[in-house]
Amino acid sequence: MSTTASRSDAGGAPPARTGRRRPSVRTVVVWTAVAVVGATAWTVLALARGETVSALWMLFAALCSYAIAYRFYARFIARRVLQVDDRRATPAERLHNGIDFDVTDRRVLFGHHFAAIAGAGPLVGPVLAAQMGYLPGTTWIIVGVIFAGAVQDMTVLFFSMRRNGKSLGQMVREEIGIVGGIAALIAVFAIMIIILAVLALIVVNALAESPWGVFSIALTIPIALFMGVYLRVLRPGRVLEATAIGVVLLLLAVVGGGWIDGTGLAEALTLSKEWLVLALVLYGFVASVLPVWLLLTPRDYLSTFMKIGVIVLLAIGLLIARPVLQADAVTEFAREGTGPVFAGSLFPFVFITIACGALSGFHALISSGTTPKMVAKESQVRLIGYGGMLMESFVAISALIAAVVIDQGLYFAMNAPAGATGGTPETAAAYVSGLGFPTTAQDLAAASAAVQEPSLVSRTGGAPTLAVGIANILSDAFGAGMAAFWYHFAIMFEALFILTAVDAGTRVGRFMLQDTIGNVWRRFGDLSWRPGNIMASAAVVGLWGYILYVGVTDPLGGVNQLFPLFGIANQLLAAIALTLVTVLLIKHGKVKYAWVTAVPLAWDLTTTMTASFQKVFSSDPAVGYFAQRARYAEAQDAGELLAPAQTPEQMDRIVYNSTLNGILQAAFALLVVVVVVNAVVVIARALQARGPVPTTEERAVPSDIVEPSGLFATAEEKRAMAEHERLVGAGARSHGTFTEEGPPR
Amino acid sequence: MTGRITTDVRTAAARAWRGVRWYLREFSGEARWDEYLRHCAEHGHEPMSRREFERHRADAQERNPGARCC
């Protein structure tokens with residue numbers, strides 16, 4: 001049915017939107033000011049060449065752009081494109097069961113949704129993309145989130161909500177077709193594996209040869225276990241108490257890591273990458289089969305509160321320290337595509353390196369499924385979907401700032417693979433100075449001494465760079481002498497939520513596998529069947545663990561090789577999600593608004609398909625996986641060794657890895673092409689019908705809840721709520737979310 | 001005059017504190033127990049123990065862990 005089919009009158013519904021009201025003078029003045037500040041900030045960033053530019057301009061450009069986008073564009077999408085209708089009951093209200101379907105206060109749900117979408121992605125991608133200068137990253141993060149990322153999150157959330165919270169895969173199957181559905185299912189699973197492997201790779205790179213880091217991260221496991229037991233046995237349900245204890249213990253673990261230096265423990269905890277892979281794989285397996293209350297849930301509480309705490313701390317630190325940008329606006333790597341961090345030129349590689357923070361397909365999995373079952377009012381998808389993604393974008397901008405305010409010689413020494421830097425401060429200084437970023441071995445050694453790490457050379461993956469940036473900003477802001485603490489604090493916090501993502505992701509992957517195989521082997525689909533759990537967990541952990549191992553042992557540098565695969569995979573998932581919402585807009589008869597999702601889709605397909613094409617077919621061995629394979633295979637046949645390989649085994653490994661990466665790359669792109677082609681057929685049919693065609697949207701049922709749409713209630717909404725309260729009385733409160741102790745609205 | 005301002009500040013602080021406390025309790029799920037007790041009182045059910053209640057909640061999470069993004 002079409003969205004406009006049912007317009008039943010529910011009692012106490014908020015006033016209908018009638019006509020256009022003339023904006024007040026105050027509104028006009030405020031929004032003009034926001035626009036002027038934003039435009040000034042953009043101008044400074046774009047035109048500065050060689051002057052000192054404060055990083056705060058990046059912050060202002062972002063915040064003003066977000067404000068305007070949220071106020072005007074997101075509102076347009078909600079009202080005109082999606083036509084949210086607060087007279088319709090949401091699934092949370094209709095199917096309320098107190099478990100997954102649950103009417104949740106919009107501000108609380110905003111927090112949950114944000115905690116679920118934001119992780120290490122927005123922190124890492126921008127750091128790597130900083131090799132092209134601050135301008136490409138800043139522009140893509142801000143423009144991308146406004147026109148693509150936030151639009152995807154909000155529209156997927158809306159359409160899933162209109163379908164009782166169906167998952168992305170289910171919607172593709174029912175609305176596009178069985179072929180597209182199967183392709184989407186495989187793509188989602190495969191992409192999840194890649195994402196888990198790359199996230200784990202970042203942790204491995206951050207912790208290798210760093211006893212302090214290993215010490216504090218290892219302690220998060222007993223801390224989480226203790227919290228789990230506390231919440232289960234000692235004082236059931238006292239989450240805030242347990243979390244407070246956990247956070248204090250966590251800080252002690254970070255401080256304590258500094259004391260083990262020079263003891264036997266430090267030696268025992270100086271682990272190679274291979275050992276860390278083994279430890280992570282074992283951990284991932286155990287975490288996936290243990291009950292969630294013991295490890296996953298408490299770890300999730302810890303990482304969520306730490307995440308929000310660090311973001312707030314960093315924002316305050318930036319305002320106090322007001323650092324100056326060290327990177328150029330645009331470096332030569334953006335034009336030449338010869339950057340050491342990852343190969344390839346600005347187009348398309350900035351757009352796939354920065355996925356989370358600008359456009360992240362993975363969010364579509366969270367915007368369909370969990371969150372849509374908890375939304376109280378339809379109009380709140382703007383705050384939760386669009387607003388939540390803007391917040392993640394803000395995190396990405398903060399991470400980019402942290403990477404571009406550190407000395408750029410240090411930046412390149414940390415992020416170029418070991419094969420290029422040679423691994424020692426002397427060779428690294430020579431290499432980086434040769435790139436045009438003068439630095440000395442003494443400077444590099446001093447930088448690592450300041451954060452009490454054995455070495456910072458080739459600590460790739462983004463996390464250590466971000467930690468150095470955060471340590472610089474926070475020690476500038478809150479007093480010197482704490483740099484080592486802040487560095488390890490930042491490492492701990494990144495590793496903490498990467499591990500949470502790995503725990504949860506492994507479990508979700510396991511459920512997907514059990515669900516899919518359960519179609520042919522009934523028993524396997526039973527989630528309480530222990531052998532099934534163990535087999536499925538082992539399969540999922542084995543898959544990402546294998547790719548992690550491939551990345552860790554890659555002589556060309558795992559991050560350099562795998563991160564593009566990760567970014568492209570995530571953006572391809574976004575292509576599937578945007579294809580779905582575009583099909584749905586057309587099926588609902590809203591062809592004239594289909595550009596809202598079709599334009600970002602076209603852009604996303606252009607960048608990802610170009611990137612995929614280059615990664616598969618480019619004749620430049622630094623970019624194309626198969627060209628790389630051919631080059632090393634030829635040398636191998638001739639009995640030569642090609643740098644950075646030093647042994648024939650490493651030559652074998654490069655040849656093998658390049659082949660594997662190339663095949664994965666091609667397979668992802670093909671899966672997406674299948675979904676898009678299937679969608680084009682469906683769109684063509686819908687267009688022929690000239691008008692709305694049947695979809696799986698649920699029938700409209702009048703709503704009994706009156707709630708504000710935005711973060712703050714307007715005077716009009718307050719009146720509507722008071723009126724509703726008077727009419728319905730206390731009965732309205734029995735939904736159980738809005739308590740008398742609630743804060744003033 | 002000053003007395004009035006102090007009272008205003010105090011009321012505002014108390015309101016802010018109540019708001020933060022409300023948010024944290026809702027966000028962490030602690031408030032679920034209060035809702036449950038109120039629900040039982042309204043419908044005249046005998047509530048289960050807190051321990052039992054939290055176990056039910058944990059079981060529900062076991063089935064639906066929720067993905068965490070990158």
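Residues are numbered from 1 along each chain as its sequence is written, and chains are lettered from A in the order in which they are written. In this predicted model, local features need pLDDT of at least 70 and side-chain atom pairs count only at pLDDT 80 or more, while totals for chains, interfaces and linings use all residues; side-chain values use heavy atoms, with hydrogens and water left out.

**View 1. Where chain A meets chain B.** Let's start at the interface, where 60 residues of chain A and 33 residues of chain B are in contact (heavy atoms within 4.5 Å). Together the two chains bury about 3,900 Å², with 59% of that on carbon and sulfur atoms; buried area is the accessible area (1.4 Å probe) that two parts lose on being put together, summed over both. The interface holds 3 salt bridges (a side-chain nitrogen of Lys or Arg within 4 Å of a carboxyl oxygen of Asp or Glu). Asp102(A) and Arg32(B) form a salt bridge through their side chains, at 2.6 Å from N to O. On the chain A side, helix α4 (residues 106-117) gives the most, with 7 residues; helices here are DSSP runs of H or I, at least four residues, numbered from the N terminus. The residues on that side comprise 32 nonpolar, 17 polar and 11 charged, where Ala, Val, Leu, Ile, Met, Phe, Trp, Tyr, Cys and Pro count as nonpolar, Asp, Glu, Lys and Arg as charged, and the others, Gly among them, as polar.

View 2. Helix α8(A) is itself mostly covered, with 24 of its 30 residues buried. Just after α8(A), look for Glu209(A), which has a positive phi of about 60°.

View 3. Met535(A) sits in helix α24 of chain A. Its relative accessibility is 39%, so Met535(A) counts as partly exposed. Setting aside residues up to four places away in sequence, Met535(A) touches Trp521(A), Phe524(A) and Trp529(A).

**View 4. Ser618(A) in a loop.** This view shows the loop between α26 (595-617) and α27 (625-637) of chain A, where Ser618(A) lies. Ser618(A) counts as buried because its relative accessibility is 18%. A polar atom of the Ser618(A) side chain lies 3.0 Å from the backbone nitrogen of Asp620(A). Beyond neighbours within four places in sequence, its contacts are Phe613(A), Val623(A), Gly624(A) and Ala627(A).

**View 5. Glu175(A) and its partner Arg163(A).** Glu175(A) belongs to helix α7 (residues 168-175) of chain A. With a relative accessibility of 3%, Glu175(A) counts as buried. The side chains of Glu175(A) and Arg163(A) are joined by a polar contact of 2.9 Å (a pair of N or O atoms within 3.5 Å; within protein, one must be able to donate a hydrogen and the other to accept it, and residues adjacent in sequence count only if both atoms are side-chain atoms). Leaving aside neighbours within four places in sequence, other contacts of Glu175(A) include Leu580(A), Lys587(A), Val682(A) and Thr695(A).

Definitions and conventions:
Helix = DSSP H or I, 4+ residues; strand = E, 2+ residues; numbered from the N terminus. Buried < 20%, exposed > 50% of the residue type's maximum accessible area, 1.4 Å probe, protein only.
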